[in-house]
Structures are given as C-alpha cells and as structure tokens.
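Dear colleague,

I am passing on the structure we spoke about, and my notes follow below it. Please read them with the coordinates open beside you.

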Amino acid sequence: MLVEDTPDLLENLTDTLRMEGYEVTTATNGAEALEILSHKVPDLIITDLVMPRMDGFTLVKKIKTMQSLEKVPLLIFSAKPLNDEETSELGADLYLKKPCPVENLLLSISNIVYG
Amino acid sequence: MANQISGIHSGEQPIAGNNSGARMLLDNTTLAFFLIDRKYEIIEFNRAAVQLSFNTLSTGQSYTTIFNAEQLTVVTPSIMTAFEGKVSSLGVFDSHNKNYFSLTFNPVKNDQAQVTHVCLVMQNITLQKLEEDKVKNNQRKLDVLINNTSDIIWSIDSQMRLVSANDAFHKSFENYFKKKMEEGEPIFFPEWSNPYSKTWKELYQRALRGERYTTEELTEVKPGKQGFHEITFNPILDDGNAVVGVGCFLRDITERKDIEQKLKYFIEQYDIVSMATNDAIWDWYPDTDTMAWNHGLKTIFGYEEKDITYSFAWRVEHIHPEDRERVTQEFEEIFRKKEANYSSTYRFKCSNGAYKYVFDRAYVIYKNEKPLRAIGAVQDIDERMSYLEEVRKLSLVASKTENGVVITDKENRIEWINNSFNQMTGYSIEDVLGKSSEMFFQGPETDVEIKARIEEKMSKGEPSLDEFIFYSKKGQRIWIRQSITPIYNDHGALEKVILVQSDITAQKHFENRITTIARELADLIEHANTPIFGTDRNGYINEWNKVTAEITGYTKNEAYSKKFLETFIEPDLWPVVSGKLLYAFNGTPVSNYELPIKTKDGEQITILLSVTPRRNSSQEVVGVMMVGQNITELIEYRKNLEKKVKERTSELNEALKKERELVEMKSKFVSMVSHEFRTPLSSISLASGFIRKYKDKLSPEEVSAKLDNIEKQVRNMTFLLDDILTIGKSEAGKIKTMLSSIPLKDFFDNIIIEVGQSTGVTHRIDLITDCALDLIQSDEKLLRNIVINLLTNAIKFSPGKNEVELNVSCKNNKLQIQVTDHGIGIAKEELENIFNAFQRGQNVGTIQGTGLGLSILKKAVDLLHGDIQVKSKPGKGTTFTVTLPLMYEEKNYAC
C-alpha cells in the first residue's frame with residue numbers, strides 16, 4: 001500500500017516497486033488509503049506524512065486502531081523531519097527520509113516484508 | 001477629912017479613951033498627926049507623920065523642924081492662931097518633892113477650955129490637889145470656855161427651872177428681857193412673849209424624856225434679830241438613869257448658815273461653771289492624793305469613768321512623754337517656791353490615744369508651807385495650737401519661699417512683706433508699711449485694664465490672678481504674676497489680704513520669643529509655595545494656607561470650619577480618605593497619598609499628600625497637618641505616559657507577535673521549502689535510480705518517460721526557486737518597480753498563449769477588455785507575474801471546468817484585471833489567509849502548488865500600489881479582482 005500525494009513521486013515509486021515485483025496499491029491521501037485498507041490487507045504500508053485531506057499522522061493512528069492491520073508493518077517515507085519523540089509517537093516500523101537512494105529504499109522494504 | 005476631924009462635936013465619946021485602940025487608929029491612918037505643946041514642941045506623932053516628915057522626927061522637936069523656912073512663914077501664924085483657940089487650915093507646898101500638904105491646926109482644949117496643945121493634922125493632898133487643881137483648872141477652863149464663848153450654855157432641872165447658865169446666856173437674856181434670870185427661876189414665864197416659846201417648850205420636853213439631840217432652829221436671841229441657831233440638848237441623868245435635868249447648848253449658826261448658803265451657792269455656781277466650762281477642771285488634795293475631775297475629762301479627752309484613776313499620777317501619766325519631764329519640773333518648782341499660780345502648756349493624751357495641746361492653769365493653796373490643795377483648769381488649745389502650728393508653717397513658707405508674699409489688712413494697707421519680696425522688688429518693709437498695695441502697679445506701662453480689674457476685685461474682696469508690669473524700687477520693669485487671696489475670719493468678715501507674687505520676667509521674654517517664633521512659623525506656613533492645610537480632630541479645617549486657597553479656589557475664610565471630607569472630597573472616596581486620616585489621628589503619618597480634591601469650580605485636582613498628626617504640648621493628637629503638592633498635571637502626564645506605554649506595549653506585543661509569526665512563518669517557509677524540494681528530488685532520485693537499475697529491462701520509451709519526469713522535476717524546482725527568490729527580494733525590498741509603457745492588447749494576448757502552453761492547453765481563456773487606453777504605464781515584469789499567477793491558479797484549481805474569464809478594464813484612473821474560474825473555490829474562512837505564504841486551501845487535494853503563488857501575487861500588487869480582492873464560492877468558482885492605479889493623465893481617458 002503506497003500513500004503519497006505528489007503524483008510524480010507516486011508514479012516513480014510505484015514503477016520502481018512494481019519493477020521489483022511488488023504488487024502496489026496506491027492512494028493519494030489518508031482518507032483514500034483507509035478506504036482501500038478497510039477491505040484489503042497489504043503486506044506493507046508505505047505512507048507520506050504531509051498530505052491533504054488526511055495527513056500521515058492521522059492515517060497511522062487510524063491504522064493502529066484497525067485490528068486487521070495489526071500485523072502489517074508500517075513504513076514512513078516523508079520529507080518532514082521528525083524528532084525522537086514524534087518518531088516514537090508514530091510508532092512506525094521504519095522511517096525513511098526523502099530523498100532516499102533507491103537501493104536503500106528497496107533494501108529496507110525487502111527487509112521488512114521478507115523478514 | 002480635916003473638916004470632919006475638926007467637926008467633932010462635944011458630947012461624943014472620944015476615941016482616945018482606949019489607948020491601944022487609939023494607937024492602932026492613929027498608926028494606920030494616912031493622916032499625919034502631930035501633937036504640939038505650948039512650947040511649940042512635938043510631943044506626939046503617928047507613923048504617917050514620920051513618913052510625911054521631911055526630916056527625922058523625934059519628940060521634943062520643934063514643929064519648925066517639919067517645915068522649911070518658906071513654909072514656916074505661913075505655918076507659924078496658923079499654929080499661933082490655933083493656940084488662940086481657932087482652927088486653922090492651910091495648904092503647903094513642898095518644892096522639894098513637889099507635894100502638896102493640907103495642914104489643919106486643931107486647938108486641943110482642957111477641961112477649962114484652955115488650949116493646951118495643938119493637934120496638927122497633915123495630909124499629903126498632892127494627888128487631891130492635883131485633882132482639885134485639875135478640876136479647878138478644868139473648872140476654870142470650863143468657866144472660861146463657858147463664859148467666854150458666845151455660845152449660850154445653860155442647864156435646867158426636871159421642872160424646867162434654870163440650874164446654871166453661862167455669861168452668854170445671861171447677857172442674851174438681859175438683852176432680850178432687860179432683866180437677869182436667877183438660878184432656880186423657871187425657864188419660861190408668862191410674860192415671855194417669845195414667839196418661839198412654844199417650840200422651846202417642846203424641845204425641852206423632848207430632852208427631858210431622855211433624848212439627846214441637836215436641832216437647828218430659826219429663833220431669836222436678840223429682840224428683832226432672827227437667826228439660825230444650833231441647839232444641843234443633853235439630858236442629865238442621875239445614878240438611876242432618871243433624867244434630872246437638861247444641859248443646853250445654843251450656838252448662833254446664822255453666820256454659819258449664811259456661809260453655808262454662800263458656800264452652797266458658790267458650789268452651785270462652781271458646778272454651773274464647771275458644767276459650763278469647756279475646760280477640764282481638776283481638784284487635787286496632795287495629802288490624800290485624790291484628784292477629782294469634772295466632766296471636761298470626758299468631753300475634751302473622751303475618758304469614761306472606768307478609764308480614770310483619780311490620782312495625781314494618772315494625770316502625769318497622760319501627759320505626752322516629751323512634755324512630762326518639763327511639766328513635772330515646773331510643778332515641783334511651783335511647790336518649792338510656794339507660788340500660788342501655775343500655768344503650763346503641754347500635750348495630754350485622749351482616750352483614743354491621740355494627743356491634744358492643752359493649757360493648764362492651776363491655783364495652789366498652801367497651809368503651813370505645804371500644798372493643801374490645788375485646783376486646775378485644763379483648756380483644750382489643740383485647735384489653736386494646730387492653728388498656730390499652721391501659722392508657723394505658713395510663715396516659714398512665707399519667709400522661705402522665693403515668691404514675694406505681701407500681707408495687707410482689709411483696707412489693702414501693707415502690714416508685712418517677706419524677704420523674697422524685698423529681694424525681688426528692692427522695697428523694704430519700711431518703704432511699704434502702711435501703704436496701699438496699689439502702689440505696685442502704678443507705672444507708665446502698667447496695663448490700665450488689668451489695674452482696673454484688680455482694683456475691682458480687691459474692692460469686692462474677691463481672689464484674683466493677674467499678670468502685669470511692676471516697677472522695682474529702682475524703677476526697673478519686672479513682669480509679675482500676682483495672686484490675691486482675701487482672708488475671711490469665722491464671721492465672714494474680711495480680715496486680711498495675701499498677695500503672692502512671682503517674677504515672670506524671664507518667662508515673659510520667653511513667651512514673647514515663643515510668640516514671635518510661632519508667628520514666623522505661621523507665616524512660613526501661610527506663604528509656603530506648596531499647599532499646607534489641616535484639620536482638627538473632628539475633621540474641621542483649621543489650617544489653610546495661601547497656595548491651598550489658590551489651587552482649590554476656596555479662600556481661608558470659606559474653608560475654615562468646614563468639614564474637610566464632605567466639602568472637598570468625592571463621596572465614594574470618603575471611606576479611604578477618612579481611613580488615611582484616621583492613621584494620622586492615631587499618630588501614624590501618611591506619606592505620598594494621592595488625594596483627589598474638588599475645587600470650587602467643580603474641577604478635580606490631585607494633591608500628593610503627606611498627612612502628619614498635629615500634637616499639643618502633652619503629646620496628644622489634636623488634629624492633622626497636610627502638606628501637599630499639586631500633581632494634577634503630573635497625573636495627567638502619567639496617565640498619558642501610561643497610555644503610551646500601554647500602546648507601545650501592545651504595539652510591541654503586536655510587533656513581537658508579528659515577529660514571532662514572521663519567524664514562525666519563516667521557519668515554516670523553510671521547512672515547507674525543504675519539503676517541497678525534497679519531493680521533486682525524491683522523484684529525480686527514484687527516476688534515475690529506476691533507470692539505472694532496470695535499464696536492461698526498460699524500453700527506450702519508458703526510459704524517455706523517466707527522463708522527462710526528471711526534467712519536469714527540475715523545471716518545477718526551478719520555478720520554486722524563482723518564486724522563493726521573488727519573495728525574498730520583495731521581502732528585502734529589493735524589487736524595484738520599473739515603469740514602462742505596455743501595449744495592452746499584445747500584453748494580454750501573449751500571456752494567454754504562454755499560460756495555455758505551460759498548462760497544457762486544458763482550459764480556454766476568454767479575454768474581455770474594456771479599456772480606452774492602448775498603452776498603460778506599469779512595471780511589466782510584475783504585471784506579468786500577477787496576470788500569469790492569476791491565470792495559472794485559475795486553471796490549476798478548476799480541473800474539469802475548462803473556462804476561465806479574463807476581464808480587463810480601465811475606470812477612474814484604475815486598471816482592473818479580473819480573473820474568474822469555475823473551480824473548487826475557496827472556503828470562506830480561508831479567504832483572509834490566502835495571501836499568506838504557503839497557505840494552501842484545504843480543498844486543493846493533489847493540485848500542485850507551492851502555496852507561494854498568491855503571496856507573491858499580493859506582494860506584486862502591493863508593489864504596484866494596487867489592491868486585490870477575492871470572491872469565491874467553494875465548489876462553484878473563484879474571482880480574483882486586481883485593481884492597479886494608472887499612471888496616465890486624464891487626457892488619455894476616452895470615457
């Protein structure tokens with residue numbers, strides 16, 4: 001599950017991930033994402049933080065309340081700098097800062113997904 | 001006996017018939033018998049004779065041997081007489097043994113009646129004689145007594161006949177009856193017309209009954225002279241106790257009675273006096289040491305009967321110990337000198353233990369050089385002594401005091417002055433004696449008012465206290481305080497006047513000085529250049545200086561005696577102000593209190609006040625003094641200052657807020673910017689990474705697409721940078737407007753084309769111009785910025801709604817550019833903030849934008865001194881209207 005509001009970036013990310021063989025479902029904001037997540041449980045959720053309509057923070061909180069998504073790892077991919085407090089508050093499994101070299105990104109994702 | 005012997009009658013048997021018997025008789029008798037013959041020789045004698053003889057006796061002795069020469073002178077004639085035949089008796093005294101002898105010479109006759117012998121009978125009759133003499137003496141004495149006394153003595157027999165009477169009786173009788181009463185005559189006789197005769201009879205009868213008594217009778221012993229007589233009746237009894245007579249004894253006691261009466265009278269008088277006197281009278285009999293007191297002992301000293309011992313010692317005991325010795329000595333002195341009059345002053349103890357001063361005057365009666373009796377009168381002089389003591393003390397005071405004391409009589413004539421007066425005034429007693437005390441205030445500077453008042457008071461006998469100028473003897477001015485005290489005696493009559501004077505010159509100078517200082521102070525207060533005012537304890541104004549009057553508008557007269565609080569202070573301030581005043585009334589000064597005061601014109605002024613308690617000489621608070629400063633202006637100034645401060649502060653706060661906002665905005669800007677850059681950079685990174693990684697798998701189109709993407713990102717970033725720089729420049733004020741002439745139509749046409757190209761010609765832009773001008777003056781770059789921004793925004797935010805209107809018009813010197821789209825619109829709440837940097841509408845969703853566009857737009861409009869307005873309806877569309885001033889002259893207007 002990929003949640004990102006900037007279309008170009010979303011496109012690039014999607015392409016890259018697909019090339020790697022992942023099945024990618026996209027949403028351009030938190031609300032849209034939740035909609036999809038309510039009936040689909042991905043293996044990994046990657047989300048941006050600053051988004052219109054529902055931002056990443058709210059989304060993450062909401063995800064955490066969903067029992068179906070309990071075991072789903074969470075990866076934050078954002079340009080927003082976070083301090084330690086905010087990071088732990090989010091409680092994501094991984095936080096990656098934009099821009100991130102592709103290799104790193106792909107490696108992190110595979111680590112999470114495949115253990 | 002001798003008589004008896006010589007009385008032997010003839011014819012009787014003689015004793016000598018029997019010799020032995022006769023001898024026995026003769027020898028046993030105490031009578032001495034001598035028989036003497038014609039030869040004058042003793043031929044016979046008896047034993048008694050022997051004892052009686054002075055010498056040895058023998059027969060044949062001449063009779064002369066019995067006697068001494070002296071005796072013989074009387075004996076011899078007697079014996080010779082006897083030899084003549086006559087009995088001769090005589091008495092003889094023997095000076096040798098002091099014996100009396102009775103001698104009887106009895107002639108002894110023979111039968112022929114011739115005297116042959118003489119019988120001498122001698123008897124020691126000393127005792128008898130003595131007795132006789134005694135009796136005779138007594139008799140004589142008695143006679144003398146009886147007959148020399150004026151007392152009448154007589155005796156009567158049981159038949160009331162006169163038995164014997166003394167001379168006085170006879171005299172009295174003769175005087176009375178003009179004849180003599182003989183013994184044996186009845187004591188009463190009919191002619192006796194003594195009116196008392198009946199009584200007499202009774203008296204005699206009483207005595208004749210055997211009663212022995214004495215009676216006092218008023219009777220006459222001289223015709224016409226009545227008198228008191230004491231008559232004693234002594235019944236005379238015989239051996240058988242039968243009354244045979246009465247011895248009477250009459251004494252004229254008229255005088256005595258008289259004396260008795262007088263005495264009684266005197267005693268009565270004495271008693272009266274004794275009762276009347278306030279003195280305690282004592283009566284002392286030294287020989288029995290009995291001292292009697294009258295009631296004075298009780299009334300003066302309070303002693304009851306039981307407390308008194310009637311002896312001299314008791315009196316002495318009660319004299320004050322300190323006076324006792326002196327008094328005793330005085331008394332002894334009097335006795336020693338046998339003086340009759342004695343007086344002494346001492347203290348006598350009262351029953352309650354206190355001592356009283358007494359004056360004791362006594363009269364001593366002496367008999368035979370010894371005091372027989374003393375009578376004293378003790379006078380209570382305690383009061384007087386106390387009075388004297390007081391006087392003594394007072395005179396001591398008067399003499400010692402530093403004040404001048406003058407005593408005048410009731411006519412104000414000076415009688416006495418003390419030393420201090422002399423010291424003070426220079427006048428001696430000689431100078432002033434007899435003069436009126438008015439002489440003292442007669443100088444030129446003497447206050448006539450005071451003088452008149454003093455004179456009036458003196459004439460009324462009233463006390464007075466005055467101060468005036470006095471002239472000493474040397475003419476020196478002295479300030480005197482004088483008190484005049486009239487002295488009245490017990491009857492309320494003016495007796496003396498006492499003047500007491502003290503020199504208060506120094507004091508007066510001091511007072512003057514004080515007055516001067518006070519005046520100076522008052523002046524100081526009055527003319528101080530700051531308001532000074534004050535109230536009394538009750539809040540009434542009693543101090544109001546010039547400046548106070550000036551600033552309040554109330555003159556001193558108007559302010560005085562008004563209540564400070566009510567007159568000058570607003571009612572709502574009364575509690576506070578009176579609270580402050582209370583502090584001061586309680587002694588605590590209040591400083592720097594801002595007091596608003598109402599002036600006469602109704603204005604309000606503010607006085608910075610110090611309130612101080614005002615104290616009198618006893619340190620009691622009698623009011624408050626307030627010293628102030630008119631700070632009305634200062635207050636105003638301060639108010640303004642405060643206002644300014646407030647304003648500045650709020651301005652500052654505003655600025656700070658803005659500053660903070662700005663900082664916040666800047667940091668937000670920075671983070672936004674960094675965020676905005678990171679996103680395209682991420683895309684580039686991903687895109688390039690993609691290519692590199694999957695270049696073998698990718699078709700050239702795919703690669704190309706990616707490369708395009710990269711270029712697009714770069715382009716976006718460049719735009720962003722430009723925008724940022726623009727903002728930066730405009731913030732820094734670096735953007736300068738450069739005016740040039742711009743052809744209107746071309747300008748807008750070109751922009752439309754440009755915008756269409758850059759946005760992919762998704763929308764149709766309708767241009768409507770309504771402007772008479774061909775050229776306009778403006779900064780082209782800015783104008784381009786504005787229009788492009790408006791159009792791109794319109795297009796961007798109306799996806800799917802392809803029409804955008806661009807209205808350009810010139811009116812009233814203004815160029816109006818209006819861009820309308822039918823897009824998502826802007827929420828009402830967000831309208832005011834849309835020109836803020838990075839403000840993005842909530843509803844923009846995925847529509848790209850830096851959020852800087854409108855803020856840049858606004859900046860551009862501001863730079864051109866224009867105005868921008870927004871109207872929008874969410875979901876319907878938005879209209880931006882920019883109005884810019886034209887630089888052209890009027891003549892360019894066609895309309």
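Does Cys119(B) count as buried or exposed, and what is the reason? Cys119(B) counts as buried, because its relative accessibility is 16% and the cut-off for buried is under 20%. Please keep in mind here, and in all that follows, that this is a predicted model.

Two other cysteines of chain B can be judged in the same way. Cys350(B) is buried at 7% relative accessibility, and Cys810(B) is likewise buried, with a relative accessible area of 7%. Cys810(B) also takes part in a disulfide, its partner being Cys771(B), with an S to S distance of 1.5 Å. The structure holds 1 disulfide over all chains, and this link is left-handed, with -95° about the S-S bond. The two cysteines lie 39 residues apart and so connect distant parts of the chain: Cys771(B) sits in the loop between strand E28 (764-770) and strand E29 (775-779) of chain B, while Cys810(B) belongs to strand E30 (residues 803-811) of chain B.

I also looked at strand E17 (residues 404-409) of chain B, which is largely enclosed by the rest of the structure, because 5 of its 6 residues are buried. E17(B) pairs in the antiparallel sense with strand E21 (residues 494-503) of chain B over 6 bridges, and there Val405(B) stands opposite Val500(B). E17(B) pairs, again in the antiparallel sense, with strand E18 (residues 414-417) of chain B over 3 bridges, where Val406(B) faces Ile417(B). The hairpin of E17(B) and E18(B) has 4 residues between the strands, and in this hairpin Asn412(B) takes a positive phi near 65°.

Turning to the interface, the contact takes 25 residues from chain A and 22 residues from chain B. The two chains bury about 2200 Å² between them, with 59% of that area on carbon and sulfur atoms. On the side of chain A, the residues that lose the most area to chain B are Asp8(A), Asn12(A) and Met19(A), which together account for 27% of what that side buries. Asp8(A) also forms a salt bridge with Lys712(B), at 3.4 Å from N to O; across the interface there are 4 salt bridges and 12 residue pairs in polar contact, both residues of each pair being at pLDDT 80 or more. Helix H1 (7-19) and helix H5 (102-114) of chain A each supply at least two residues of the side that touches chain B, and H1(A) gives the most to that side, with 8 residues.

With best regards

Definitions and conventions. Residues numbered from 1 in each chain as written. Chains lettered and ligands numbered in written order. Predicted model: local features only at pLDDT ≥ 70, side-chain atom pairs only at ≥ 80, totals over all residues. Heavy atoms only, no water. Disulfide = S-S within 2.5 Å. Buried < 20%, exposed > 50% of the residue type's maximum accessible area, 1.4 Å probe, protein only. Pairing = 2+ DSSP bridges. Contact = heavy atoms within 4.5 Å. Buried area = accessible area lost by both parts, 1.4 Å probe. Salt bridge = Lys/Arg side-chain N within 4 Å of Asp/Glu carboxyl O. Polar contact = N/O pair within 3.5 Å; in protein donor to acceptor, adjacent residues only side chain to side chain.
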